[in-house]
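Q: Please take a close look at one helix packing in this model, and at the aromatic pairs that go with it.

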Amino acid sequence: MTHLRVVLTGILLSVIVLTAAVAETRQDSDTTGDSDLQGPYVALGDSYTSGPRIPAQSGKPAGCDRSDHNYPALLADQLKLKPGMFRDMSCSGATTADFTSPQSTDDGRNPAQLSALSRRTRLVTVGVGGNDIGFSSMLTRCLTMGTAYKIITRSKDVSVDAPCRERYVKDGTDSTQQRMTALGTEVSDLLKETRQRAPKARIYIIGYPAILPPGDTGCGRTLPLAPGDISYLREREHQLNKILRLQAHTAGATYVDTYTESREHNACSAEDTRWIEPLIPRSPAAPVHPNARGQRAITQIVLRAMSATQ
């Protein structure tokens, strides 16, 4: 009987050890699967991420213009992240430099965005680059010149149909090209630093949605641009997204294409379908920025990209 009890005890212990091993294996499997999307999640980005003027504006500093209905907040909600598992560091006006240094705003100071990352971080979204190449100021200049162009063409013929492009391109050299080249290096360095601070995180680089319609038909008063400048600006956005895609691939991150699905929902689309508001918004959003519909759409695009990379 004593021998039998020893044998049975040995078998029982073996079963316990085996069960524990199986449970541990399952836990490890979960850790590399769905639980990667249970946080902690850190959102990094500029105004296309933060969602200026979309209700309700929340977070500190107030000058970052973060909405509690931007795509990071909606994403955290869709992933059912627990309290404390989500931090939104995005801020209007942010450049890649503001990821490693504090950013001053009109109302408060945003800490360096990468400061929110840690070895515990499991999910990171990054939306940046537009401000590095000066796309906002470029668009503003082109809109101003486009307005003048439309006034002048009412009274006389004008030989140049792209006055803004003429401003940036001299003797075949585009003055924005240097900024584009520098952006590639800056994003590369940023992703390396992100990976170093959050080595276990899945990193998603969010591309910019389509702002302008296909072709050169324009938008009339919605976005008063000269015909040739529409294609010029669209090409610059294509180049910006191409840089982000390339750097994401090089860094082993995932590039999320929001442009393709948004082409029919640009700033010149009908009010009830567009994702980007025009110069004078009809829905709560900053001019030429995603509205609430656009933020919801981007959320779904990001979710599908996450599902595809599981």
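A: In this predicted model, helix H6 (residues 177-197) packs with helix H7 (residues 227-251), the axes being 9 Å apart and the angle about 30°. Angles under 35 degrees count as roughly parallel, so H6 and H7 are roughly parallel to each other. The crossing in which H6 passes H7 is right-handed.

On the H6 side, the contact is made by Gln177, Met180, Leu183, Gly184, Val187, Ser188, Leu191 and Arg195. H7 contributes Arg236, Gln239, Leu240, Ile243, Leu244, Gln247, Ala248 and Ala251. By class, the residues of this contact comprise 9 nonpolar, 5 polar and 2 charged.

Next, the aromatic pairs. The whole structure contains 3 of them. One is formed by tyrosine 41 and phenylalanine 86: the ring centres are 5.2 Å apart and the planes lie at 25°, so the pair is stacked. Tyrosine 41 belongs to strand S1 (residues 41-45) and phenylalanine 86 to strand S2 (residues 86-88), so this pair ties together parts 45 residues apart in sequence. Tyrosine 41 counts as buried, at 1% relative accessibility, whereas phenylalanine 86 is partly exposed, with a relative accessible area of 27%.

Another aromatic pair, tyrosine 168 with tyrosine 232, is also stacked, with 6.3 Å centre to centre and 20° between the planes. This pair involves H7 again: tyrosine 232 lies in helix H7 and tyrosine 168 in helix H5 (residues 163-168), 64 residues apart, so that distant parts of the chain are linked. Tyrosine 168 and tyrosine 232 are both buried.

Note on methods. Residues numbered from 1 in each chain as written. Predicted model: local features only at pLDDT ≥ 70, side-chain atom pairs only at ≥ 80, totals over all residues. Heavy atoms only, no water. Axes fitted to C-alpha atoms, helices over the stretch in contact; angles between N-to-C directions. Helix = DSSP H or I, 4+ residues; strand = E, 2+ residues; numbered from the N terminus. Parallel < 35°, antiparallel > 145°, perpendicular 65-115°, else oblique. Left-handed = near helix turned anticlockwise from the far one by under 90°. Contact = heavy atoms within 4.5 Å. Nonpolar A, V, L, I, M, F, W, Y, C, P; charged D, E, K, R; others polar. Phe/Tyr/Trp six-rings, centres within 6.5 Å; stacked < 30°, edge-to-face > 60°. Buried < 20%, exposed > 50% of the residue type's maximum accessible area, 1.4 Å probe, protein only.
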